[in-house]
Amino acid sequence: MKTHVTALSLLLALATSARAEEGASPAPPALPAPPPPVRALVVHVAPASAPAGRPVELEAEIDAPFAEQLTVRWRAIGDSQWQDAAFERSSAGGWFATLPAARMPGLEYYIRGQDAAGVEVAHFASAARPHVVRVDPTLIDRLEELDRERLGGRVNQVAIDVIGHDFGNRYDLPDRFLRGELTYTHRLLRRIHHIAFGFGAIQGRTPASDAARAPSEYVLNGLRYGFGELRLRAHASVFLDLRVALGVSQDGFDQAARGQVIFGKPWRSSVTVGGEVSGDLGPSAWVRLQWDTAPPLLMGASIVRTDLPGAVIDAAGLYLAYDVSYRLASRLTVRAQVSYGSRDGAAHLGGGLGTAVDF
Amino acid sequence: MRWLLIVVPALLCVTVALASAEPTVLAVDGEDIYVDLGAADGVGAGSELELLHEVVARDPQTGAVLRDRFALGRLRVVKSGERLSVVVAEPTLAERVLAGDRVRLVSPKRAFVDPWVAQVVASRAAAAAPGPAGPPGPPTSGAGPTPSTPRTGAVVDHVALAREAWLDTLGQPPERRIARWQALIEADPKSPYRRVIENEIASLTDQIRQREDALAKARSADDGDRDPRIAALVAELEGAGALGDVLAVAPLARAIPNRPIELGFLVRQPAALHRAWLYVRPQGEPGYRRIELVRDGDAYLRGTIEAAAVKEGTLAWYVEAVAAGPDAEVAPVLGSAADPRRIEIDAEVVEAPIAAERSHVHAHVDYVDFDGSLATGFDQYYQAEIDFMYRFLHPVYAVRLGFGTLSGTGGPRDVIDEDPMGTCFDGDGVYRCRQVTFSYVYTEVELRLRRNVALMLRPQAGLLTTDTSGLMEEGRCRGADTTDCRFSTGVGGRVRARFGEERGTNLVIGVGFTDGVGTLLEAAYHWLPHTAVPVQLSVQVTDQPVPENFGVRLIGDVGWRSLSWFYPSLRISYQARDIDHAGVSGGFAMNFDW
């Protein structure tokens, strides 16, 4: 086109020059100006947002579509390369272009045409200022992103915990338990926040009969079990843990179930209310308050009412536990616990140790 | 489709082979059934055929082969050629149709006229009486006008000339088609198709004019030409959903905070709008912010709501515009200040930094002596408590967990005071005092009713041991000697209300009760005469450690905060059940703030 214009200008210049030389010679007929090019028109309602994972459909009406090669140029936000999507005739009338499934944070596009001479025509937005179709993350998406950032991508954990408490009693008979658990946790960080599997053992001694009969001997109770656990994120700051355990106790096959609700985030300040019941070792219930205000320590205090290890001497086994966890390294955490409480008679001490490795 | 390429030639072969045979089903292709009957047989669209199934059986006695035909149902002709037809059957019958089945025409035979021949006849009639005619179609050789002989003596084959011209026009632009038809008329001015051809030329000329008009508008950059085109396109687009009278914008119901929102408005008549503004008001802001919309592309206005305005809550917005023209006024065109459009902005999702001074651990030991005899008396106790508290602020202001022990001796004031031996025996020689130990745990929830009003609710439970033996021996009821020892579960609770600032000056009024231990009514005044000196003055009314006579305690507790996270305090108390049954004692506390 530019060449044509230049040539035309040259011809006109030559003609003018010749006329000047010839003096009175008549002016040559003016060359007709080329008609302006035909331009397409594209109208559409630009989408402002799109759901993640679904193609973005652009519905348009186009006038003079033959005049230009019309394309939608798009790219995912963050990409550098533009890609083209052509408009196609819709069987329902009009035109449509389909942009591939959008992912967060969205995509940007503009509509351009190119005429026969190769001239680019902007119909909507531009490469310099494209239109953005947002793909807004859901609440769970955003929480997951936050969790992954917090965890540094380490979504697995192996933990070992051992706790025990000596309740004592007025008959000087042993009444204590020791519990150990090895847990493998995989964090999904979605509604199902984590899944876990593990093995555990409880071993304890407790008076054989209740206080009304002045017990004179004790029994050895225990449970060896495997368990599966789900942690559900019911709300940004409410978690629900559900655990089912199968194993064997001093009496044979036994099963146990545990559930707890965590108000707040388990890794921040929170309150936990939970309970557990084992067929042969009895029920337990607890309330735990955790606070994160003394970093790098994470502290907690729990009130635990328990029948472990299958005590019958009294149903009022209560202790207060105070625990501290400390992150030794980015992957390694250690925990310690001290407890104080009684079941029958004066209160006694207990404690626990644990460690967890994230990877 | 590929299958058809095979079937159709095959059909042609079969057609030839069966030309003289009975009508037969030639092939079945999906729902289409091909039969060898066509227009030449008086069959056309709408005709009905009967499907016949031939049964062949052998007579077991004579061995003769017996054949018979049974009508299975009717088929309907959907289209016909000269020799073949496509028929369809009801779905249940269609499944039973096989190639080779016989058919017979059951509807009356019909006569079909070659349309081209009919057109030629019509053309002849039109030559005598001019009138409109349809576009030319392909002339068919062997039918139509006979060749004429012009004056030169050469025989002119009108049909062949017309067919040749028609073929030349196929796929050509209108200008060339007109030229070709004009050339035919010049070459064969007496063509019997002349009237039809002239009509075609007129039609093509009209098409060219319409095309040129459309192109002229499409070339025009003038708003007056573009706006009607845009308006027409938008009207067609309206099928996709309701669009505004002036602007259309895609709905955006929700968005995440702190991310700019880009809006693209489709304008029905861009030339009619002079300027337009987007007004936005984040939740909590008193007024709207104004953003001028920028023209873009063919028919658009665009604007961006900056990230700072996209805040948690509801984002209200509307658009105002002013039309072109000297007298035009600004008017809302999408929503309005009074009735704005809304975008719900999600809550912020961030890992909040660790808040300082949210947790408090409090431990205290308090020795209470009501009769001034200290350890040798019968009305004193000690109470130790450790309390963990975290301030969540919302929706529960704070939660406390604690463990405590209350242990001591108590009994009727008169008996204690009047026993000259100081052994708590009454006039009948009955020991009336009791030694109790109550180990308990509790959880307390603090609700903030108003800025300066808080309500604290505490259920508590524990193991209560009561020794009524009067032996006053250390360790009794803890070991095997449990004579006169009672063990029970003590359940109780406490309710307190605080008026004022929790960490400033405040007044706490409360009441508590524990089964078997007693009742406690209290009022405590806390203030900071100096930032490093927290002071608490309390008055308590209680019958602890055993529910007998109420007494009053006056307590002063003074702390010294030299560290931001820890301060100890000392307390001194005076308590009395009457002016002769009184004592002074004290205690200490430790407080940790993180």
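The model is predicted, so local features need pLDDT of at least 70, side-chain atom pairs count only at pLDDT 80 or more, and totals for chains, interfaces and linings use all residues. Residues are numbered from 1 along each chain as its sequence is written, while chains are lettered from A and ligands numbered from 1 in the order in which they are written.

**Stop 1: α5 and α6, chain B**

Select residues 174-187 (α5) and 194-219 (α6) of chain B. Helices (H or I, at least four residues) and strands (E, at least two) are DSSP runs, numbered from the N terminus. The two axes come within 9 Å and cross at roughly 155 degrees. That makes α5(B) roughly antiparallel to α6(B) (an angle over 145 degrees). Axes are lines fitted to C-alpha atoms, for helices over the stretch in contact, and angles run from 0 to 180 degrees between N-to-C directions.

Now show side chains. On α5(B), the contact includes Ile178(B), Trp181(B) and Ile185(B). On α6(B), look for Ile197(B), Ile201(B) and Leu204(B), among others. Contact here puts C-beta atoms, placed from the backbone, within 7 Å. By class, this contact has nine nonpolar, three polar and four charged residues. Ala, Val, Leu, Ile, Met, Phe, Trp, Tyr, Cys and Pro count as nonpolar, Asp, Glu, Lys and Arg as charged, and the others, Gly among them, as polar.

**Stop 2: α4 and α5, chain B**

Leu161(B), Ala162(B) and Ala165(B) are among the α4(B) residues in the contact. Arg177(B), Trp181(B) and Leu184(B) are among those from α5(B). The contact residues divide into six nonpolar, one polar and three charged.

**Stop 3: the loop between β18 and β19, chain B**

Go to the loop between β18 (380-391) and β19 (398-410), where Pro395(B) lies. The His394(B) to Pro395(B) peptide bond is cis, with omega about -10 degrees. Leu393(B) is in this loop too. Its phi is positive, about 75 degrees, although Leu393(B) is not a glycine. Leu393(B) is exposed, with 11 other C-beta atoms within 10 Å (the cut-off is 12 or fewer, with C-beta atoms placed from the backbone).

**Stop 4: Asn258, chain B**

Select Asn258(B), in the loop between β8 (254-255) and β9 (261-267). Phi is near 65 degrees, positive in a residue other than glycine. Asn258(B) has 14 C-beta neighbours inside 10 Å and counts as partly exposed (between exposed, 12 or fewer, and buried, 20 or more).

**Stop 5: Pro105, chain A**

Finish at Pro105(A), in the loop between β6 (95-99) and β7 (106-114). The bond from Met104(A) to Pro105(A) is cis, with omega near 5 degrees.

Technical notes. Angles under 35 degrees count as roughly parallel, over 145 as roughly antiparallel, 65 to 115 as roughly perpendicular and the rest as oblique. Two residues are in contact if their C-beta atoms, placed from the backbone, lie within 7 Å.
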